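Subject: Structure for you to look at

Hello,

Here is the structure I said I would pass on.

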Amino acid sequence: MSTMSPPAHVFSSDNTAGASPEIIEAVCRVAAGQALPYGADDSTAAVRRRLSEVFEREVDVLPVSTGSAANALSLAALTPPWGSVLCHRDSHINNDECGAPEFYTAGAKLVPLEGADAKIEPDRLRAAVRHKAGDVHSVEPSVVSVTQATETGAVHTLEEIRTLGAITKEAGLRLHMDGARFAGAVAALGCAPADMTWRAGVDVLSFGATKNGTMTADAIVVFDRSLTAELSFRAKRAGQLASKMRFHAAQLDAYLTDDLWLRNAARANAMAARLEAGLKAIPDVGLLGAADANIVFCRLPQPVIDGLLADGYAFYHDRWEPGVVRFVTSFATTAHDVDHLVDAVRRLADRPAPAPARRTR
């Protein structure tokens, strides 16, 4: 009898995965005894030290409970209410945060830009950073937000980030990075996190962690530490200064220990690459873009989509044009899960089309 667990049928998001055992153990450890509140505890101090080591410079860190909070609070500290946030049309802040950036910035405007693979096209950014700059009748270009990895699973190269950073800084703007899948991008490129962030001009990073193994913890990493005081007040005002901050910090501390964050991300990326390779071998499947990180977009015949849904698979299929689906892997996805999905797609693609209904008198 096989002892292999049943395959996971959920490929809709990496948010569906649980938490790494190391994260759970860390939370249990700090649950005993007492600790100073509001971030004055040893675990929070340890996270600051670890992230300063990761980024090869002194940074400030504000643990928060969600990526949306990290993004919205970061942008609020980087943008006046009359400013604009230049971002990609497909970015998470533009499409999936229910107006949180606009709310926390007290009305700053998101200005969406175009570009392949959900990356801002440099020439469009060059034009946007100067568009109506200084015109009192318009919002003032203030900050650029770059997503790494992007919402399509593409990863900006270091050169691409440097180019966007140079355009941003030349225009006197700030640079924010939405790093909800930052670990996946670092694992994909095998680069120093510093090269992807502050050395390329990033002022503030939404570090990202809940998609990659933590339970309830994300973080704002501040490279321009002149922003820390304002961010601290904004976090408190937004209800993001946890009284028992040690529970957030313990998760992040364990996440960074022994490179768990990179090991988890590498696993998720590898499962996406395995899925991409499996789907590529099926004639009726059309892959869309490259799966640099842990997201695979492809085009499937509608009967295949319907069959997968009937078999209990969960994935996004109705957000884009007809026939386009998204599969997302995570640190918890196994090779067995991926192979089972590929086999299901192959089986459904090979199924003969139903004969047309016979007309009767």
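What covers the buried residues of H10? The cover includes strand E1 (60-64), helix H3 (67-78) and strand E7 (218-222).

Before the rest, some ground rules. This is a predicted model, in which local features need pLDDT of at least 70 and side-chain atom pairs count only at pLDDT 80 or more, while totals for chains, interfaces and linings use all residues. Residues are numbered from 1 along each chain as its sequence is written, and side-chain values use heavy atoms, with hydrogens and water left out.

Helices (H or I, at least four residues) and strands (E, at least two) are DSSP runs, numbered from the N terminus. Buried means under 20% relative accessible area, exposed means over 50%, and partly exposed lies in between (1.4 Å probe, protein chains only). Contact means heavy atoms within 4.5 Å.

Helix H10

Helix H10 spans residues 228-237, and its buried residues are Thr-228, Leu-231 and Ala-235. They lie on the same side of H10 because they cover an arc of only 60° around the axis (the arc is that of the directions from the helix axis to the C-beta atoms). Ala-229, Phe-233 and Arg-237, on the other side of H10, are exposed. Just after H10, Gly-239 has a positive phi of about 75°.

Strand E1 and Asp-60

Five of the five residues of E1 are buried. Asp-60, Leu-62 and Val-64 are on one side, with Val-61 and Pro-63 on the other, and both faces are covered. E1 pairs with E7 in the antiparallel sense over five bridges (two strands pair if DSSP finds at least two bridges between them). The bridge partner of Val-64 in E7 is Asp-218.

Asp-60 belongs to strand E1, and counts as buried because its relative accessible area is 13%. Its side chain makes a polar contact of 2.6 Å with the side chain of Thr-228. A polar contact is a pair of N or O atoms within 3.5 Å; within protein, one must be able to donate a hydrogen and the other to accept it, and residues adjacent in sequence count only if both atoms are side-chain atoms. Leaving aside neighbours within four places in sequence, Asp-60 is in contact with Ile-220, Val-221, Val-222, Arg-225 and Thr-228.

The nonpolar cores

A nonpolar core is a set of buried Ala, Val, Leu, Ile, Met, Phe, Trp, Tyr and Cys residues joined through side-chain atoms within 4.5 Å. The largest one has 51 residues, and Phe-55 and Phe-207 have the most contacts inside it. Helix H11 (residues 246-256) gives the largest share of this core, six residues. A second, separate core has 25 residues, among them Ile-282, Val-285, Tyr-313 and Val-338.

Strands of a sheet pair through backbone hydrogen bonds, either parallel or antiparallel. Here three strands form an open sheet in the order E8-E9-E10, with antiparallel pairing. Strand E8 (286-288) and E10 are the edge strands, each pairing on one side only. E8 is joined to strand E9 (residues 295-299) by three bridges, and Leu-287 stands opposite Cys-298 in E9.

Is Glu-321 in a helix, a strand or a loop? Glu-321 is in the loop between helix H13 (302-310) and strand E10 (324-328). Glu-321 counts as partly exposed because its relative accessibility is 46%.

Regards
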